[in-house]
Amino acid sequence: MKKLVAFAVILVFSVSAFADFPTSVRVTPPAPKFTDAERQAELARRRSEVAAKMADKSMLILFSAEPKIYTNDVDYVFRQENNLYYLTNLKQENATLVITKDGATVNEFVFLPNRNPQFETWNGKRYSMDEAATVSGLKTVVSTDKFKEFIDAVKGKQAFAGGIVPQTVYLLLPKSEGDNDGEREFRQESEFARSLTGYKIENAQPIFADLRQIKSPYEVKLLQHAVDITTEAQMRAMTMAASAKMEYEVQAEVEYTFRRRNADFWGYPSIVGCGPNATTLHYEESEGPVTPGNLLLMDVGAEYDHYTADVTRTFPVNGKFTKEQADIYRIVYDAQEAVAKAAKPGVTMADLGKIASDVISDGLMKLGLITEKSQYRTFYMHGLGHWLGMNVHDVGRYGVPLKPGMVFTNEPGIYIREDALNYLPDTPENKALIAKVRPAFEKYKNIGVRIEDDMIVTDTGVDWLTKNLPRKLEDIEGFMASQKR
Ligand SMILES: [Mn+2]
């Protein structure tokens with residue numbers, strides 16, 4: 001008996017001595033703070049980099065986002081257009097930024113509505129001209145009373161307020177004719193472009209895509225804060241999932257944490273799916289039951305000051321993976337690790353995608369879920385990841401080598417959908433495949449696992465912005481066990 005106690009003591013000691021999982025929820029650190037001078041210098045640098053990429057004798061016009069109707073006279077929460085925000089930090093409607101370039105002379109000014117006491121009584125404060133100048137660092141703030149005059153001058157190829165008549169006009173435009181998202185987001189820009197004649201019209205998107213693809217230290221602080229809020233939300237969800245009956249209760253814990261930590265919003269609708277629902281990639285209903293014995297997949301991201309996190313954890317509701325769940329989890333984990341180890345400047349996302357799909361197809365072969373490596377797409381049907389920043393699927397070119405400052409998601413997954421084998425084309429090969437994999441499939445069906453982390457490229461590899469959130473199977477189990485009361 002004494003021996004047993006001593007053994008138990010050693011065991012407890014050694015587990016805690018080697019545990020590298022947290023034993024309490026990590027509370028979000030204070031938000032990054034910037035002085036007026038720091039913010040103004042950052043924004044001025046971005047504007048000068050945009051101007052440097054503009055052609056000579058050109059003008060860039062950025063309109064603010066239009067209010068979007070929720071219903072009748074109620075709007076959705078206003079969110080500034082990202083590129084305008086990137087250059088001004090102004091969160092207000094009816095702001096228009098103009099940058100002109102004529103040889104070495106760059107002029108920049110922003111239109112803003114006058115303050116209006118009646119309007120502000122109902123809708124809240126607007127920037128004064130001085131405040132707007134302080135926020136943005138722009139020296140020239142022009143009343144929107146002059147806006148029509150400006151637009152008429154551009155349309156009539158006249159100089160406005162002693163400025164230039166450009167040859168080229170840059171606008172944010174859809175990528176192509178079939179770019180439906182772009183048509184919706186940049187409707188007013190498209191219409192304005194069509195109303196202009198006698199100019200070379202250039203799409204400003206590539207300029208911003210190239211700049212925004214490399215995050216500055218200033219941006220990384222904001223992104224890290226969004227990730228930290230999301231980390232706390234994920235940890236809180238892990239501690240309460242066992243006591244939840246429905247998915248929306250867990251979602252509420254996540255979004256409560258976002259708001260509590262002053263996130264502006266989520267960067268995309270939360271995905272909280274339990275059991276079979278975890279096998280639906282963009283499951284947003286959160287109306288299903290939370291059942292012990294099942295996995296809960298949570299793909300959620302807080303948005304802070306226009307930067308969004310994008311983090312997925314998949315964990316057992318009761319804190320303990322079954323053998324089958326662990327089999328799938330470890331493959332996804334290994335794929336993610338292999339990607340992180342290979343990621344460094346010079347490597348492309350396609351290279352990393354290949355590494356992930358190789359690990360996953362090997363793993364699925366070993367489990368008997370596929371008979372040839374190429375069949376992995378049945379169970380891993382999305383790409384490895386995407387750029388992350390002001391958009392959850394951020395701007396930036398693919399196919400380019402990674403560079404320090406790029407931020408991407410590393411998010412392999414395996415989804416054993418209950419009906420996955422039902423829709424394979426009816427061929428003799430598929431019949432043979434189905435017959436072979438059926439036993440394994442029955443064992444693993446309805447398990448869905450995605451693990452998603454946010455990584456920033458460094459000079460020699462990557463840093464995990466999400467490193468404080470338990471990810472290793474044993475760490476998730478250890479953390480969840482430490483939270484049981
Ligand atoms: Mn993602």
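# Close-up views of the chain

**View 1. Asn94 sits in the loop between helix H3 (82-88) and strand S4 (96-102).** A quick word on the model: it is predicted, so local features need pLDDT of at least 70 and side-chain atom pairs count only at pLDDT 80 or more, while totals for chains, interfaces and linings use all residues. Residues are numbered from 1 along each chain as its sequence is written. Most residues other than glycine have a negative phi. Asn94 counts as partly exposed because it has 14 C-beta neighbours inside 10 Å. The cut-offs, with C-beta atoms placed from the backbone, are 20 or more other C-beta atoms within 10 Å for buried, 12 or fewer for exposed, and partly exposed in between.

**View 2. Lys57 is found in the loop between helix H2 (36-53) and strand S1 (58-63).** Here is another residue that is not a glycine but has a positive phi, in this case about 55°. Is Lys57 buried, partly exposed or exposed? With 15 C-beta neighbours inside 10 Å, Lys57 counts as partly exposed.

**View 3. Gln167 lies in the loop between helix H6 (147-155) and strand S7 (168-171).** Set aside the neighbours within four places in sequence, and Gln167 is in contact with Lys57, Ser58, Tyr199 and Lys200; contact means that the C-beta atoms of two residues, placed from the backbone, lie within 7 Å. Gln167 has 14 C-beta neighbours inside 10 Å, so it counts as partly exposed. From the C-alpha atom of Gln167 to that of Met235, 68 residues along the chain, the separation is 54 Å.

**View 4. Helix H10 (residues 217-240) crosses helix H11 (residues 247-260) at roughly 145°, with their axes coming within 8 Å.** The axes are lines fitted to C-alpha atoms over the stretch in contact, and angles run from 0 to 180 degrees between N-to-C directions. This crossing is right-handed, with the near helix turned clockwise from the far one by less than a right angle. Which residues of H10 and H11 meet? On the H10 side they are Ile229, Glu232, Ala233, Arg236, Ala237 and Met240, and on the H11 side Val250, Glu253, Val254, Thr257 and Phe258. Sorted by class, this contact has seven nonpolar, one polar and three charged residues. Nonpolar covers Ala, Val, Leu, Ile, Met, Phe, Trp, Tyr, Cys and Pro, charged covers Asp, Glu, Lys and Arg, and the others, Gly among them, are polar.

**View 5. H10 is largely enclosed by the rest of the structure, because 18 of its 24 residues are buried.** From first C-alpha to last, H10 reaches 35 Å, close to the 34 Å expected at 1.5 Å a residue; the expected span is 1.5 Å times one less than the number of residues.

Note on methods:
Helices (H or I, at least four residues) and strands (E, at least two) are DSSP runs, numbered from the N terminus.
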